Amino acid sequence: MVPPAIRWDRVERRYGTVMAVDGVTLAIDTGAFVALVGASGSGKSTLLRMVNRLVPPSAGRVLVDGTDVAAGPAPALRRRIGYVFQHIGLFPHMTVGENIAIGPRLAGDPPADVGRLLDLVELPRAVATRMPAELSGGQRQRVGIARALAPGAKLLLLDEAFGALDPVTRDALGRRLRALHDELGLTTVLVTHDMAEALLLATRVVVMAAGRIVADETPGALLAGAGGDAAQALVGVPRAQAARLAALVP
């Protein structure tokens with residue numbers, strides 16, 4: 001049998017007396033688009049960061065393609081995983097093209113096809129010679145996604161990647177991410193506190209609260225009332241907003 005793309009096996013993460021992740025077991029199949037949703041402090045980002053060893057578990061283990069992530073050197077693991085986070089982290093002294101190409105260059109791999117990667121994230125190829133400070137926030141986040149894909153990673157992790165963007169830019173970038181997931185055959189895990197975003201982009205939504213998984217459903221099932229009280233409290237926010245907007249129409 002083909003192992004899951006990611007498996008968390010009874011993982012815990014403690015910070016002193018605080019249990020940030022509490023005995024989570026979860027598997028994500030290759031090709032899935034999964035959203036991890038929850039309020040601030042629910043443990044969702046901590047769980048995600050265990051995958052590329054930014055946060056080590058206090059107990060349990062994490063496997064990628066059936067192999068424990070702790071079994072080899074962290075740099076080799078991270079070259080197989082694209083990671084995008086809210087504050088982007090582009091190197092300000094490098095051009096956009098140099099930022100995109102840095103992963104393969106440091107690994108000694110063939111040079112990245114910067115033009116193709118810019119095409120994938122729908123940025124003009126001329127952007128490659130510009131500096132990050134010359135770009136908008138949405139453009140910089142597109143560069144961050146291109147950089148994450150440059151080593152050829154098929155596993156893409158996004159940690160509140162769109163949180164600092166305006167609503168129009170956030171929606172456009174989310175749509176492009178979903179298209180890239182399908183076009184490139186990625187396995188994508190998106191951490192977000194925005195349930196509407198999770199419902200619209202993911203094929204599976206995992207809800208966390210107090211370090212535990214409290215719901216694991218399809219978007220359709222959640223909209224139909226599944227998942228329990230914690231999940232429905234999150235679903236209720238976009239549902240109530242939609243109703244309020246509808247009430248404004250004369």
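1. Ground rules first. The model is predicted, so local features need pLDDT of at least 70 and side-chain atom pairs count only at pLDDT 80 or more, while totals for chains, interfaces and linings use all residues. Residues are numbered from 1 along each chain as its sequence is written, and side-chain values use heavy atoms, with hydrogens and water left out.

2. Helix 5 (residues 137–149) packs with helix 6 (residues 167–184) at about 15°, the axes being 11 Å apart. Helices here are DSSP runs of H or I with at least four residues, strands are runs of E with at least two, and both are numbered from the N terminus. Axes are lines fitted to C-alpha atoms, for helices over the stretch in contact, with angles from 0 to 180 degrees between N-to-C directions. The pair is therefore roughly parallel (an angle under 35 degrees).

3. On the helix 5 side of this contact are G138, Q141, R142, I145 and L149, meeting T169, A172, L173, R176, L180 and L184 of helix 6 (contact means heavy atoms within 4.5 Å). These residues divide into 6 nonpolar, 3 polar and 2 charged. For the classes, Ala, Val, Leu, Ile, Met, Phe, Trp, Tyr, Cys and Pro are nonpolar, Asp, Glu, Lys and Arg charged, and the others, Gly among them, polar.

4. Helix 5 also meets helix 3: their axes come within 7 Å and cross at roughly 30°. That makes helix 3 roughly parallel to helix 5. V96, N99, I100 and I102 of helix 3 make the contact with V143, A146 and R147 of helix 5, giving 5 nonpolar, 1 polar and 1 charged residues.

5. Now for the largest pocket, which has a volume of about 540 Å³. A pocket is an open set of points on a 1 Å grid over the protein atoms alone, where a 1.4 Å probe fits, with protein on both sides within 12 Å along at least five of seven lines; lining residues have an atom within 4 Å of a point. Grid points are joined across faces, edges and corners, and the volume is the space filled by probe spheres set on them. Of its 19 lining residues, R78, I81, I102, G103 and R147 lie nearest the centre. Helix 2 (74–78), strand 6 (81–85), helix 3 (96–107) and helix 5 each supply at least two residues of the lining.

6. The second largest pocket has a volume of about 400 Å³. Its lining has 16 residues, with R170, D194, A196, E197 and L200 closest to the centre.

How values were computed:
Parallel < 35°, antiparallel > 145°, perpendicular 65-115°, else oblique.
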